[in-house]
Amino acid sequence: MNSEFLTNLWNKQQQVDTVPSNAIIAEWALRIIYLLYPEHNKIVSPSTDDLNNEFIDLEKQLLELLQATTACQDCDNPLKARQFFENIPELYRVLNTDVSAILSGDPAAKTQFEVVRAYPGFLAICFYRIAHALLKLKIPLLPRILTEYAHSKTGIDIHPGAEIDEYFCIDHGTGVVIGETCIIGKYVKIYQGVTLGALSVDVSMASVKRHPTVEDRVVIYSGATILGGNTVVGHNSIIGGNVWLTKSVPSGSMVYHTAEIKVVERQK
């Protein structure tokens, strides 16, 4: 085989060899989730000191991940790791609002334990909120790896750049796509197969708001597609199943898709 090709391939392998696997990066986030929500895991900390030591260890691990994945030499990685863990109480508070939203929004959900342990929507939201907190600290790569891990486990694809407010509920969830520049308000409920996407995927629009804004207390039913950076769904609106929406709708709207269905009796 061509020696130049082999040399270039070998050099590339050496460059990526220092970056931990996606599984290791995801395990770091899972440890945070398990500490915040022991419903996921029977292992609990014997004391508050032990719990604090767990978080200290996770902060050290985050610093190691940053050093392995950050190319710039002047990045203040210790400060970023410290800031992330200083924000853990707020992260926990917001996640608890999501648990509350799912519990109150789904009649099939009986307890908080059930939501935390069994609902893929909540797991995807956990990974998103951790990833988004990292992204706000201008940490590269790790946020996208985390949300793509959650995507692979739940079928729910939330870009870490999306801005999602409190009391967010994803019910069922499979096939949900939320784009990078989406803005989602409080008390929003989304069902399976919903796409909040862009009208265009041209690379030239990378720095432009490409995805819709969904205001407070909106419900979006399964299979709906809402596209475009200028598209705003006004608060207290209901978007019905299988709707294709590319323009804004005012507050309090009900948008639904009409389909003609014919039932013909078969010849016996």
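Colleague: Leaving aside neighbours within four places in sequence, what is Trp28 in contact with?
Modeller: Trp28 is in contact with Leu58, Gln61, Leu62, Leu65, Phe84, Phe85, Ile130, Leu134 and Leu146. Contact means heavy atoms within 4.5 Å. This is a predicted model, where local features need pLDDT of at least 70, side-chain atom pairs count only at pLDDT 80 or more, and totals for chains, interfaces and linings use all residues. Residues are numbered from 1 along each chain as its sequence is written, and side-chain values use heavy atoms, with hydrogens and water left out.

Colleague: Which residues have the most contacts inside the largest nonpolar core?
Modeller: Trp28, Phe84 and Ile178. That core has 68 residues. A nonpolar core is a set of buried Ala, Val, Leu, Ile, Met, Phe, Trp, Tyr and Cys residues joined through side-chain atoms within 4.5 Å. Buried means under 20% relative accessible area (1.4 Å probe, protein chains only).

Colleague: Which element gives the most to this core?
Modeller: H7, with ten residues. Helices (H or I, at least four residues) and strands (E, at least two) are DSSP runs, numbered from the N terminus.

Colleague: New topic. At what angle do H2 and H8 pack?
Modeller: About 85°, with their axes 9 Å apart. Axes are lines fitted to C-alpha atoms over the stretch in contact, and angles run from 0 to 180 degrees between N-to-C directions. H2 and H8 are therefore roughly perpendicular, a label for 65 to 115 degrees.

Colleague: And the sheet, what is its strand order?
Modeller: S3-S6-S9-S12-S14, open, with parallel pairing. Two strands pair if DSSP finds at least two bridges between them. S3 and S14 each have a single partner strand, so one side of each lacks a neighbour in the sheet.

Terms used:
Buried < 20%, exposed > 50% of the residue type's maximum accessible area, 1.4 Å probe, protein only. Parallel < 35°, antiparallel > 145°, perpendicular 65-115°, else oblique.
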